[in-house]
Amino acid sequence: MRAHGGVAIDKDYCTFRASGYTVHFTAYQPETLAGKELCKTLPSTEEAVLVLDFVDEALRKIPIRVSIEKEQETDYVSIQSMPAQLYPSGSMFVPFLKPTEGKYKVIVDLESEDVT
């Protein structure tokens, strides 16, 4: 299986695991970088759009909750969250308005792994 750029998904540093499932993360800053795909670092504090691709087909049948947390001193604090829902297309688009400088993390929680 290939990720963006033709890299094998298991070697793509824009992928991570959520409860054993593969998720691919991409960020875009359309105002300043047009269609350039970003992964680990946003180069500016301009508006960003985050895209999560749920690679494993099983994830399309599991409600998924996503939150974005920002580092505050010695801990992370939730700054944006989306309630659990299904993503039958396998992709989730998250508008992320004007991030400020700092470290962030995206938390992906599976509501239930009972796939029928």
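Biologist: In what order do the elements of the chain run from the N terminus on?

Modeller: The order is β-β-α-β-β-β-β-β, which comes to one helix and seven strands. Keep in mind that this is a predicted model.

Biologist: What share of the 116 residues is buried?

Modeller: Buried residues make up 34% of the chain. As for contacts with a separation of 6 or more, 57% of them are between residues 24 or more positions apart.

Biologist: How do strands β1 and β2 pair, parallel or antiparallel?

Modeller: As a general idea for reading any strand, side chains in a regular strand alternate between the two faces of the sheet. Here, β1 (residues 15-18) and β2 (residues 21-28) are antiparallel, with four bridges between them. Thr-15 stands opposite His-24 in β2. The two strands form a hairpin with two residues between them, and Ser-19 in the turn has a positive phi of about 50°.

Biologist: What does Glu-31 touch, leaving out residues up to four places away in sequence?

Modeller: Glu-31 touches Glu-46 and Glu-47. Glu-31 belongs to helix α1 (residues 30-33) and is exposed, at a relative accessible area of 52%.

Biologist: Next, aromatic rings. How many aromatic pairs does a search of the whole structure find?

Modeller: In general, a pair of aromatic rings is described by the distance of the centres and the angle of the planes. In this structure the search finds one pair. The ring centres of Phe-54 and Tyr-87 are 5.6 Å apart and the planes are at 45°, so the pair counts as tilted. The cut-offs behind that word are under 30 degrees for stacked and over 60 for edge-to-face, with the rest tilted.

Biologist: Where in the chain do Phe-54 and Tyr-87 lie?

Modeller: Phe-54 is in strand β3 (residues 48-54), whereas Tyr-87 is in the loop between β5 (75-85) and β6 (91-96). The pair links distant parts of the chain, 33 residues apart.

Biologist: Is Phe-54 buried or exposed, and is Tyr-87 buried or exposed?

Modeller: Phe-54 is buried, with a relative accessible area of 2%. Tyr-87 is buried too, with a value of 9%.

Biologist: Which residues does Ser-91 touch, not counting those up to four places away in sequence?

Modeller: Ser-91 touches Leu-52, Asp-53 and Phe-54. With Asp-53 there is also a polar contact between side chains, at 2.5 Å. Ser-91 is located in strand β6 and has 19% relative accessibility. Buried means under 20%, so Ser-91 counts as buried.

Biologist: Which charged end sits over the ring of Tyr-76?

Modeller: That of Lys-105, at 4.3 Å from the ring centre.

Biologist: How many salt bridges does a search of the whole structure find?

Modeller: The general idea is that side chains of opposite charge can pair when their charged atoms come close. The search finds three salt bridges here. One of them joins Arg-60 and Glu-57, with the closest N and O atoms 3.8 Å apart. Arg-60 is partly exposed, at 27% relative accessible area, while Glu-57 is exposed, at 56%.

Biologist: With which residue does Asp-109 meet in a salt bridge?

Modeller: Asp-109 meets Arg-65, at 3.9 Å from N to O. Asp-109 lies in strand β7 (residues 104-110) and Arg-65 in strand β4 (residues 64-72), so this bridge ties together parts 44 residues apart in sequence. Asp-109 is partly exposed at 32%, as is Arg-65 at 34%.

Biologist: How far apart are the closest N and O atoms of Arg-65 and Glu-111?

Modeller: They are 2.7 Å apart, in a salt bridge. Glu-111 is in the segment after β7 and Arg-65 in β4, so the parts tied together are 46 residues apart in sequence. Glu-111 is partly exposed, at 43% relative accessibility.

Biologist: Which residues do salt bridges with shared partners join into one network?

Modeller: Arg-65, Asp-109 and Glu-111.

How values were computed: Residues are numbered from 1 along each chain as its sequence is written. This is a predicted model: local features need pLDDT of at least 70, side-chain atom pairs count only at pLDDT 80 or more; totals for chains, interfaces and linings use all residues. Side-chain values use heavy atoms; hydrogens and water are left out. Rings of Phe, Tyr and Trp (its six-membered ring) pair if their centres lie within 6.5 Å; planes under 30 degrees apart count as stacked, over 60 as edge-to-face and the rest as tilted. Buried means under 20% relative accessible area, exposed over 50%, partly exposed in between (1.4 Å probe, protein chains only). A charge sits over a ring if NZ of Lys or CZ of Arg is within 6 Å of the ring centre and within 35 degrees of the ring normal. A salt bridge is a side-chain nitrogen of Lys or Arg within 4 Å of a carboxyl oxygen of Asp or Glu. Two strands pair if DSSP finds at least two bridges between them. A polar contact is a pair of N or O atoms within 3.5 Å; within protein, one must be able to donate a hydrogen and the other to accept it, and residues adjacent in sequence count only if both atoms are side-chain atoms. Contact means heavy atoms within 4.5 Å.
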